[in-house]
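I'm opening a notebook on this one, and these are my entries in the order I made them. Have the sequence and the model beside you as you read.

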Amino acid sequence: MSDLLQTRTSRRAMLGLLGAGVGAAALGLSGCTGVSTASSAAEAGDAKTATTRSGFSQAPIKVPAKYAGRTNILFWAPFSGVNYLALQKQFTQFNDSQDKIFAATESQADYATLYQKFTAALQAKVVPDIVCFPEHRWLQFWQADALSSLDRYFDKEWSLDVYMHNYTPEGQAAGHTYVVPFARSTPLFYFNRDLFAKAGLPETGPTTWAEYAEMAPDLLKINVSGKPLKAFAFGATDEWYGQSHIWAWGGKFSDRTTVTADQGPMAEWLGWMNTFIHKNGFGYMSQDGFTDFTSGVSAAAHQSTAALAGATKTAKFNIGTAFLLGKDSAGPKVPTGGSGLSIVRADSKERQDACAELFKFLARPEQSAQWHKDTGYLPIVIAAAQTSIVKNLQKANPNFVTALNQVKNAQSADTITWFDGPVDNINKAMASVYGDGKDPKSQVATLQTVLEPQMKKFAGAIEKVKGQ
Amino acid sequence: MFSILILPNLAMILTFSYWPTLYNAFFSLTDWDFVQPSPIWVGLKNYVDLFQDSEFYLVLRNTAVFTFFTVIVTIIGGLAIAMLLAQRTKISGLARTMTFAPHMIPGAVVGILWMFMFDPQYGLSRWAFALFGQSSPQWTATSKWSLWAIIIAYSWQRLGFVAIIYYCAILDLPAEVFEAARMDGARGWRLFRHMTYPLLHPVTYFLLITGIIASAQAFDIIATLTEGGPGVSSATLTWMVYQKAFIDFDIGSAAAQSMVLFVILMIVTVIQVRVGSKKVDE
């Protein structure tokens with residue numbers, strides 16, 4: 001699962017009561033529009049080329065008096081906390097840099113919430129101008145013709161060429177670009193540098209799981225608040241990191257439209273983890289692995305590069321970062337993470353043009369560098385790495401270098417993980433081994449049977465995208 | 001005149017209760033992700049898939065276990081607390097307030113509260129088990145304990161409500177009947193067994209029905225505490241509906257599960273009404 005993709009819930013009224021208290025589970029759909037809310041057939045046919053669509057208006061937006069009279073655009077941002085403050089800073093700079101456009105941002109907390117709210121917004125036909133979905137999670141909206149192609153805005157100054165190249169294909173489908181990289185990331189291995197030093201271990205951290213298993217006994221000798229330190233805290237939604245592990249073990253979750261989870265490497269990897277966690281007692285399944293890490297209960301954990309700025313501020317120890325661990329060799333492939341910016345197809349071309357201006361602004365090297373500094377997301381614009389902001393940051397905090405160096409190993413995740421349902425099932429299989437120590441082979445066999453029908457459902461979309 | 005007076009309420013019930021139910025029944029026969037312009041008709045496929053899914057039966061079992069234990073624990077515990085509250089002392093008022101307080105806390109807050117208490121690293125659970133030289137279970141991170149974690153948290157929240165309802169009912173019991181029983185020598189357990197408990201049957205019946213329905217609908221505590229996991233170890237049918245609908249965006253499957261939940265609750269309620277009305281009449 002992607003870095004900040006939390007499945008925290010917004011409460012929904014799920015069950016309607018019937019008569020004398022008999023529950024009627026009605027999904028809270030009463031507010032939905034009719035069964036067929038589709039645009040006309042002609043409109044649907046033109047959707048891939050049409051940039052706007054009538055009937056879809058802009059969601060409410062508050063415009064401060066000093067920005068009145070401009071073209072207003074609204075971004076529903078899946079960020080909160082430190083990252084949202086950083087985003088607001090970028091938007092303020094944009095608004096102050098010119099006098100034609102006012103860009104407003106509204107926090108939707110996280111990707112899951114944005115997903116739900118944008119879905120509801122499409123039904124209501126009152127939408128934001130910009131959305132930001134992780135990896136391939138925008139495909140569903142592309143298939144519903146909800147996103148506008150960005151290619152027409154590309155010129156010499158701004159195009160996909162300005163971004164790190166292994167992050168741009170994820171924004172394309174059927175030969176068109178619908179997403180430009182923005183808050184992009186990779187997963188990192190975070191470790192407690194102080195505890196490593198205390199255990200007499202190298203401050204560079206481990207490079208492979210085998211190496212870390214050798215280090216773990218030394219870490220377990222340290223007591224934290226009266227309990228032996230744990231070497232690693234796993235979580236219930238570790239699929240994103242699992243993607244790197246299955247690659248490291250020589251496998252894949254899927255190959256194009258074929259599910260390949262049961263071909264050996266996944267069971268082997270989970271079997272190795274089973275021994276690491278349950279037989280050797282080096283790791284454990286935590287309620288929140290990264291919180292345990294930052295509070296010093298665990299010596300190491302996985303997390304996105306996007307957590308680096310926040311963790312550096314909150315942790316009361318020296319944080320170390322390393323590439324995700326390989327099986328036998330260092331530097332395994334890692335999945336790309338984080339999200340990019342898309343323009344929503346609504347009723348105004350003028351607003352879409354304004355969105356493109358904002359995207360151009362955010363793609364300036366200095367802006368990208370500042371975003372990287374403030375959040376920990378990658379400086380996704382290639383030229384940002386040459387700015388003094390990034391150079392000074394790397395001097396001051398070498399942890400920021402790790403993520404940049406790991407980019408060469410980053411690649412798009414396996415096709416089946418482009419969709420939430422399969423990711424959820426992979427998480428369940430992993431959690432049953434990590435948490436309960438269940439037999440990896442049987443869990444993988446079950447997973448395969450669950451993923452196959454899901455792949456059948458998504459194969460068409462994958463083929464469409466791959467057919468670009 | 002009567003028809004005109006009930007018309008507004010009838011319209012509201014039809015619009016907000018019956019129409020969504022029918023609409024949901026329709027969705028259960030379609031394949032839709034909330035985003036595509038219109039649902040695709042698939043007939044009974046969602047139901048066939050559902051009943052062939054082994055996970056669904058695990059979730060059904062979880063729902064039954066969760067409902068059984070939360071209802072039993074809250075009714076027995078609530079009655080016991082109510083009996084204690086009925087013994088008037090100087091701190092009765094404070095005790096009543098403290099008993100009812102958990103029920104006033106939103107479920108999401110209860111979930112977060114218990115998430116901290118269950119934390120085996122720095123929660124109350126660690127301290128409590130350490131008193132006996134034991135390590136705290138991984139309450140929310142292992143299948144062995146996760147269902148019990150939500151049962152405990154949910155029961156804690158509902159206990160106060162049940163206790164207060166019982167307490168009010170006990171205060172309303174006819175004093176002269178108890179006086180007569182005492183004159184006949186009834187005391188303690190016998191008085192409770194043969195007088196108090198039978199007289200509380202209508203209230204028990206009410207709490208049983210509302211308890212089962214509320215348990216089957218429990219959502220916020222599960223969402224904040226375990227999110228139905230690990231795996232589906234603490235997922236109830238209501239959680240599964242949410243997950244299918246708003247995480248997987250598989251509206252057809254979610255609607256089919258909702259209809260199954262609806263039928264189950266309907267059957268349970270009909271049985272309870274029939275059995276309950278007999279009991280109350282007795």
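My helices (H or I, at least four residues) and strands (E, at least two) are DSSP runs, numbered from the N terminus.

**Ground rules.** I'm working on a predicted model, where local features need pLDDT of at least 70 and side-chain atom pairs count only at pLDDT 80 or more, while totals for chains, interfaces and linings use all residues. Residues are numbered from 1 along each chain as its sequence is written, and chains are lettered from A and ligands numbered from 1 in the order in which they are written.

**Chain A overall.** I found 16 helices and 23 strands in chain A. Of its 468 residues, 53% are buried. I then looked at contacts (C-beta atoms, placed from the backbone, within 7 Å). Among chain A contacts with a separation of 6 or more, 75% are between residues 24 or more positions apart.

**Strand β7(A).** Which way do the residues of β7(A) point? I130(A), C132(A) and P134(A) go one way, V131(A) and F133(A) go the other, and all are buried. Because five of the five residues in this strand (130-134) are buried, β7(A) is largely enclosed by the rest of the structure. Next I checked pairing, which takes at least two DSSP bridges between two strands. β7(A) pairs with β22 (residues 337-344) of chain A, antiparallel, over five bridges. One of the residues I traced was F133(A), whose bridge partner in β22(A) is G340(A).

**The nonpolar core.** By this I mean a set of buried Ala, Val, Leu, Ile, Met, Phe, Trp, Tyr and Cys residues joined through C-beta atoms within 7 Å. The largest one here has 197 residues. Those with the most contacts inside it are I130(A), F189(A), Y190(A), A300(A), I150(B) and A153(B). Helix α7 (residues 143-171) of chain B gives the largest share of this core, 16 residues. I also listed what A300(A) touches, leaving out residues up to four places away in sequence: F189(A), Y190(A), F191(A), N192(A), A231(A), F232(A) and F293(A).

**Helix α14(A).** In this helix (399-406), I noted N399(A), F400(A), T402(A), A403(A) and Q406(A) as buried. They sit on the same side of α14(A), because they cover an arc of only 155° around the axis (taken from the directions from the axis to the C-beta atoms). They pack against several chain A elements, including β12 (187-192), α10 (308-314) and α13 (388-396).

Most residues other than glycine have a negative phi, and most peptide bonds are trans. D145(A) is not a glycine, yet has a positive phi of about 60°. D145(A) lies in the loop between α4 (139-143) and β8 (147-148) of chain A and counts as buried because it has 21 C-beta neighbours inside 10 Å. In chain B, E227(B) has a phi near 50° and lies in the loop between α11 and α12. P230(B) is in the loop between α11 (220-225) and α12 (237-247) of chain B. The peptide bond from G229(B) to P230(B) is cis, with omega near -5°.

**Last stop, G43(B).** Is G43(B) buried or exposed? Exposed, because G43(B) has 9 other C-beta atoms within 10 Å. I found G43(B) in the loop between β2 (40-41) and α2 (45-52) of chain B.

Methods:
Buried ≥ 20, exposed ≤ 12 C-beta atoms within 10 Å, placed from the backbone. Contact = placed C-beta atoms within 7 Å.
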